[in-house]
Amino acid sequence: MSSQIIPVEPFDYVVFGGSGDLAERKLLPALYHRDRDGQLPLESRIIGASRTQITDEDYRAFARQALTDHVGAAALEDEAVERFLGRLHYRDVDARSDHGWNELRGLLDDGGQDRIRAFYLAVSPAIFGDIATRISEMGLANSKTRLVVEKPVGRDLASANDLNDVLGRHFREDQIFRIDHYLGKETVQNLMALRFANALYEPIWNSTHIDHVQITVAESVGLEGRVTYYDKAGALRDMVQNHILQLLCLVALEPPSSMTADALRDEKLKVLRALEPITAGNVEQTTVRGQYRAGASSGGAVKGYVDDLEGSSDTETFVAIKAEIGNWRWAGVPFYLRTGKRLTQRMSEIVVTFRSIPHSIFDASAGAVAQNQLVIRLQPDEGIRQWLMIKDPGPGGMRLRHVPLDMTFASSFRTRNPDAYERLLMDVIRGNQTLFMRRDEVEAAWRWVDPILKAWEERAVKPQGYTSGTWGPSGSIALIERDGRTWHEPE
Ligand code: NAP
């Protein structure tokens, strides 16, 4: 079975930061896949823009290399590659001066005024505002303009508001696409299908039946060159404020009345607003900060954070949080969140653990009755597994076993699992904002995160060291074990 291709209207995609890492590893490969699958109209163009002075031909050579490096050999077909490269153009444009803007406008005007113009800001957030302003003031926008903004949107509520104000001065909210690529992941979409296309789960999706939820976003890598940005941000701002809170929202939201953008985002907003505050009074009981020390990763010895940084720092590279949602559905159900760098393995998953059975009819020889768990794996090996108790097959009496019911979709349907960016880049063209963050959601997330940052400062909460290649500091284990629970060990 192959997935359905819904053609989109002709467009010009301008990728600011077209020569950067994100464009090379994600955006160009994603657009290639959509083109190869026949989704891009013939006249659609992709225009790289950044300060480096190169020609269209140079940019095509850069893109060819990007495809060679980041698209699997099986998907590289000569005809498709040449067609894709033929769509590419490049203009050297400086976000902070007038350089190159007239030339970019001229190129866009060649495509006519009716064509969708999407501007993807794959650049440092420091110049999001400059670019948005110049697009508008230099006359590059038309009636079908969309603006895609990468994370992070601000470093606290005040700076997020400043940025959103600048964007809002030039673009309507329905033109602004704040991307969180976690929302475009196939498994996250499937979480919505599981919850709202089945009668099975929703009646038990509440504190009566669910014991707790864990959300882990673990990286095995360290700083990877993002030194300046990361040391100013830290794990809470870099991962929790956006990716992890978005995942929490999708687990916890009430059924929206439809999958339209505002219906879904209204429900996510209610979850964010219902998060119990973490302040100086409870920050030490509900959060753990960590920072990696030297250790081993992927089999090799690695340095600690301060050595990678070549300086001293109190920035956290790990955070664990016990979050609670103050509403009828979730009261008393902890959401344990954790994320970090240089952990044992790269892995993102949501684990929903159901309550224990109220009474066991089996005697001790049957073995323990484990709690049912729904494990939603985002990466690697996207998929969903429902862990159930069954009888060990065969004669020999009643012995119980905890086994996974595998709902790994890619293998069931024999389709390639598309990267999240493929879906999201096309949603922008379709004007569908369902999987993008609305301004008030970003603000609500900062309203919860800011007091944690402030409380860490007030209570002088320093990061605890953890050895690279482990699952984080001992405080993280204590955080969950105090409640008589343990972190889910990946299979
Ligand atoms: P990057 O590799 O440093 O690329 C930055 C790009 O911006 C380069 O193409 C650079 O080209 C261009 N640029 C810098 N100053 C400019 C200016 N004044 N005018 C025009 N262009 C300018 O960064 P990145 O890793 O691709 O990240 C880009 C954005 O995506 C950031 O907001 C980041 O947080 C976000 N993001 C990245 C990833 C990822 O995997 N890389 C993942 C999630 C989010 P020139 O030097 O030639 O101008």
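Predicted model: local features only at pLDDT ≥ 70, side-chain atom pairs only at ≥ 80, totals over all residues.
Residues are numbered from 1 along each chain as its sequence is written, and side-chain values use heavy atoms, without hydrogens and water.

**Cavities.** I searched the whole structure and found two cavities of 30 Å³ or more. A cavity is a set of points, on a 1 Å grid over the protein atoms alone, where a 1.4 Å probe fits but cannot get out. I listed its lining (residues with an atom within 4 Å of a point): Lys151, Pro152, Val153, Gln241, Asn242, Met437 and Val442.

**Sheet.** I traced seven strands (DSSP E runs of at least two residues) in an open, mixed sheet, in the order E3-E2-E1-E4-E5-E6-E17. E3 (88–92) and E17 (436–437) are edge strands with a single partner strand each, so one side of each has no neighbour in the sheet. Strands pair if DSSP finds at least two bridges between them; E2 (residues 45–50) and E3 pair in the parallel sense over five bridges. I noted that alanine 49 has arginine 91 in E3 as its bridge partner.

**Domains.** The domain assignment, automatic or from a database, gives domain 1 (11–150) and domain 2 (183–481). I read 33 Å between their C-alpha centres. In contact (heavy atoms within 4.5 Å) are 18 residues of domain 1 and 10 residues of domain 2.

Definitions and conventions: Helix = DSSP H or I, 4+ residues; strand = E, 2+ residues; numbered from the N terminus. 1 Å grid on protein atoms, 1.4 Å probe; cavity = no way out; pocket = protein on both sides within 12 Å on 5 of 7 lines; lining within 4 Å. Points joined across faces, edges and corners; volume = space filled by probe spheres on them.
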